[in-house]
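This report looks at the domains of a protein chain and at the pairing of its charged side chains. Please keep the sequence and the model in view while reading.

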Amino acid sequence: MKLVKKISVAVIAVALILGSVAYFMYQQVLNYAKAPLNLTQEKIFTVPAGTGRVALETLLVDDDIINQGNEFQWLLKFRPELAKMKAGTYRLQPDMNIEQMLALISSGKEAQFSIRFVEGNRLSDWTNILRDAPYLKHEAQDKTQTELYALIGFEGNGQLEGWLYPDTYLYTAGTQDIDILKRAHQQMKKSVDEIWIGRDKELPYKNPYEMLIMASIIEKETAIDNERTQVASVFVNRLKKNMRLQTDPTVIYGLGDKYRGKIYRSDLDNYTPYNTYRIDGLPPTPIAMPSLASIKAAAHPAKTDYIFFVADGTGGHTFSRNLNDHNRAVKVYRQIEKQNDK
């Protein structure tokens, strides 16, 4: 009996010791979970597919996000819900602790990146923006034009210029640039189709594409919202009167890389398909990606009898009904230019 009692006491003592050790370790792990990351600024961290517990710890230590120690693996054992890490790219913040970091990686809420396509930019500008976008998978450059157009759903007979909607697009790491282009094109097509249906009657456009071309010209001529419909009215009135549009932005677009920062008389005299001083009607394609406001202005121009406009020297324009008034407005603008050059 005495032996049995001694054994029982020993077992209890060992159990108490083990329990104390386990409790101490548990408290250590809980404290470790609340420890801050070794970050002083935001960090983008990628968890590759197939990453396990040990591999994750190695990646975090190698990136100096956490320190090497036994607590990390014990934390994953005590808190198995934190061990269900999902592959992806995550945005880690300097105020995060280890538990919050693991919870983020287990949630699968990947970092969102943004790319902004600005209205008035050309397709070539947007191509450069796509090329420089971080964490984007670049596939478009390897496709032929026919392949690319098919992938993004572009069914037009002309160029993609004008057919991408200016906006800010969010994406996660590994998204294909083709997917961004597809979203931008679908949104622009939807907008153009809807606005075309509700357009004013008796406009000099044969189809939605011509309305889009007009919108791109309006976009390049003014950034002032309350002027867009007036600018549209000038060009619509000129088309109806069979007058050439004579708009400088189309000349610049036609010059391409030959544009020298200023339009010279030789540029106006030189023929290109986009030189509206030399061609009748609209140019063959849009000259930029127009904003929604410019498309609406092309579809609903102001009711005016203006056929001229010129910059007023303060960021806006002066609109005229006849050549004499226009020439006076041009003279005023040139005087303001001379004063500004002094």
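How many salt bridges does the count come to? Taking a salt bridge as a side-chain nitrogen of Lys or Arg within 4 Å of a carboxyl oxygen of Asp or Glu, the count comes to 17 salt bridges.

## Basis of the model

The model is predicted, so that local features need pLDDT of at least 70 and side-chain atom pairs count only at pLDDT 80 or more, while totals for chains, interfaces and linings use all residues. Residues are numbered from 1 along each chain as its sequence is written, and side-chain values use heavy atoms, with hydrogens and water left out.

## Domains

The domain assignment, which is automatic or taken from a database, divides out domain 1 (12-107) and domain 2 (193-306) in the protein chain. Their C-alpha centres are 60 Å apart.

## Salt bridges

Lys34, Arg79, Glu81 and Glu99 are joined in a network of salt bridges. Elsewhere, arginine 131 pairs with aspartate 132, with 3.3 Å between the closest N and O atoms; aspartate 132 is exposed at 54% relative accessible area, where buried means under 20%, exposed over 50% and partly exposed in between (1.4 Å probe, protein chains only). Lysine 137, partly exposed at 41%, forms a salt bridge with glutamate 139 at 3.8 Å, N to O.

A further salt bridge links aspartate 269 to arginine 265, with the closest N and O atoms 4.0 Å apart. Both residues belong to helix H11 (residues 265-269), where they are four residues apart, about one turn of the helix; helices here are DSSP runs (H or I, at least four residues) numbered from the N terminus. Aspartate 269 is partly exposed at 43% relative accessibility, whereas arginine 265 is exposed at 59%.

Terms used
Helices (H or I, at least four residues) and strands (E, at least two) are DSSP runs, numbered from the N terminus.
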